Amino acid sequence: MSGASRAEVSTLVKQLVLRESRLSIPPSAIADDEPLNGELLKVNSLGFLGMLVHLEDELDVQLPDDLFAGRTFGTVADLIDVVAGQVAGPSGDGGRP
Amino acid sequence: MTRLPGRWRSVLPSLGYELPPDLTPDSSSGPITAGIPLELIRQSISRREYWEIPEPVLEQYRRYRPSPLWRARGYEQAIGSRVPIWVKYEGGNISGSHKLNTALAQAYYYQRAGYSELVTGTGAGQWGTALAAACAVFGMSCTVFMVGHSLRSKPYRGSLMRLLGATVHASPSPLTDLGVLAGSGAADRNSLSLAIGEAVEHARGGQGRAFCIGSGETYSILHQSVIGLEAIDQLAEAGATVDTVVGCVGAGSNFGGVALPFFAAGPGATRLVAAESSATPKLTRGIYAYDRTDATGTSPLEAMYTVGSGFAIPPSHSAGLRYHGAAKLLSAMRRRDQIEALAVGQQQALTAGRTFTRTELVVPAPESGHALAAAAALAVGDGPLAPSRAGILVCVSGHGLLDLAAYDRSEAGDTADQAADEASLRAAVADLRPVLDLDLLDGAR
């Protein structure tokens, strides 16, 4: 799935944050600016890293550490942006919509 | 001749189940930082069985590996053993313990990920020394918070870490909010959990800094698999077989390292016996629950056998075993009866250590004395566990040359066993959330 569009990455990221938070709602119900660790979503630091490895498997890419080291992630969009930027597909939309 | 393994071997594909997921503590909210190199996370959750050891790590391993394995005939004779006892000795490196096996790997991955300083907490000082050595090799700064009581009783541990270039603080320290709180008497003092908590807090305060941990995490147990992989080859070379593998457990990395390659090679074929301290009897008297890994309370909660992170651990000469919980990997295996456990008092451990010193001419760390005492019980059929029938492999995880004061006090009759009392244990776990069958199903997703 390397070369995935931002929309595909967004759906995948939202599926993973929902699973990590043990929530059973559709990914489309999650806003891009939803905090990763707030009132709705409960993603912890180790769970976040585990999600990155699952994203690697799903997207068939290897995410380099320098994308994440020393950086903070507040919202779902923060993660989508970084991953989409790394795997930007032919639709050319690695950036925000 | 046994060669240094070129790959670590993961037990995860052999388990037949997934580990329960961690939980986010209620007290946690706000932005997330990715403070661990992704390769370590891959090693913790992937079902890949073999992992190539990076050449820079292998280069360092070659300084002291393969570590020796021998049949301890003198010890067998002294205790009246009915079966052969084989010793795998991990004390022959600058850290004096197995801890260097994962310290080198972790420093390599953190340095490659762009970090310049590693911060950690240490109990007996073996892990702190190992990390200081690894940071020296890979050109990183190192800051160590060492349990204050332990540092004062073993000042040369501090000297060695400083010689290796590390900055060493006695915990509780005035550098962190947690340390100040503990110093005021408002929180637990002198525990490994507190030292780790201080390290976590300190690591958050600087650019390029990362907290790293020496035991308990699944990746550190993977790195320790070199112990068991070598032992399997060495026993085969000697034409020997064992039916029981023994190691001491603080959080579980040396035990996991020596024992789990046997499980991976044939689940259930070899008994795996964890020797824990009767002062922190998590595997024999604790509960399987979600608990904190350090005193900050902000880290993810892990499913573990625990006596409670708030449990006031009695004083002990085995600071490396003074930790409230067992690794989540070992805890999951304990839950499924894939490992056994035996609690050992410190006097019993030091007596075993003294006997081993006089018969094998190696001074074991007091922590390793617990493994030797457990091996003796299994070798003569004394105690609650069934005896070994074919032979025992015991990991002597470190040397005790910086623990001679403990042996002196034991020799002078100045060492008391303070087993955890039942009421304190129950109180310390009363508020923990037990691991439910539902959590285990979640882990199987």
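Predicted model: local features only at pLDDT ≥ 70, side-chain atom pairs only at ≥ 80, totals over all residues.
Modeller: Welcome! Helices here are DSSP runs of at least four residues and strands are runs of at least two, numbered from the N terminus.

Biologist: Thanks! Where is B:Leu361 found?

Modeller: B:Leu361 has a positive phi of about 60° although it is not a glycine. As for its place in chain B, B:Leu361 is in the loop between H16 and helix H17 (366-380).

Biologist: Over to chain A: which loop holds A:Arg22?

Modeller: Phi of A:Arg22 is near 60°, a positive value in a residue other than glycine. With 12 other C-beta atoms within 10 Å, A:Arg22 is exposed. In chain A, this residue lies in the loop between helix H1 (6-20) and helix H2 (45-59).

Biologist: What pattern does chain A follow along the sequence?

Modeller: Chain A has three helices and one strand. Of its 97 residues, 39% count as buried. Read along the sequence, the pattern of chain A is α-α-β-α.

Biologist: In chain A, what share of the contacts with a separation of 6 or more comes from residues 24 or more positions apart?

Modeller: Two residues are in contact if their C-beta atoms lie within 7 Å. Among the contacts in chain A with a separation of 6 or more, the share from residues 24 or more positions apart is 66%.

Biologist: Which element gives the most to the side of chain B that touches chain A?

Modeller: The contact takes 23 residues from chain B and 24 residues from chain A. On the side of chain B, the elements giving two or more residues are strand S2 (32-33) and helix H2 (38-45). With four residues, the element that gives the most is H2(B).

Biologist: How do the residues on the side of chain B that touches chain A divide by class?

Modeller: Leu and Ile are among the residue types that count as nonpolar, while Gly is among the polar ones. By these classes, that side of chain B has 12 nonpolar, nine polar and two charged.

Biologist: In S2(B), which residue is the bridge partner of A:Phe73?

Modeller: Strand S1 (residues 72-73) of chain A pairs with S2(B) in the antiparallel sense, over two bridges. In S2(B), A:Phe73 has as its bridge partner B:Ile32.

Biologist: How are H16(B) and H18(B) placed relative to each other?

Modeller: In chain B, helix H16 (residues 346-360) and helix H18 (residues 404-411) pack with their axes 10 Å apart, at an angle of about 105°. Angles of 65 to 115 degrees count as roughly perpendicular. Therefore H16(B) and H18(B) are, to each other, roughly perpendicular.

Biologist: Which residues of H18(B) meet H16(B)?

Modeller: By class, this contact has three nonpolar, three polar and one charged residues. From H16(B) come B:Gln347, B:Leu350, B:Gly353 and B:Arg354, and they meet, in H18(B), B:Ala406, B:Tyr407 and B:Ser410.

Biologist: Where is the place of B:Pro66?

Modeller: The peptide bond from B:Arg65 to B:Pro66 is cis, with omega near -5°. In chain B, the place of B:Pro66 is the loop between helix H3 (55-61) and strand S4 (69-71).

Biologist: And what is omega for the cis peptide bond from B:Ser171 to B:Pro172?

Modeller: B:Pro172 is found in the chain B loop between strand S8 (167-171) and helix H9 (177-183). For the cis bond from B:Ser171 to B:Pro172, omega is near 5°.

Notes
Residues numbered from 1 in each chain as written. Chains lettered and ligands numbered in written order. Buried ≥ 20, exposed ≤ 12 C-beta atoms within 10 Å, placed from the backbone. Axes fitted to C-alpha atoms, helices over the stretch in contact; angles between N-to-C directions. Parallel < 35°, antiparallel > 145°, perpendicular 65-115°, else oblique. Pairing = 2+ DSSP bridges.
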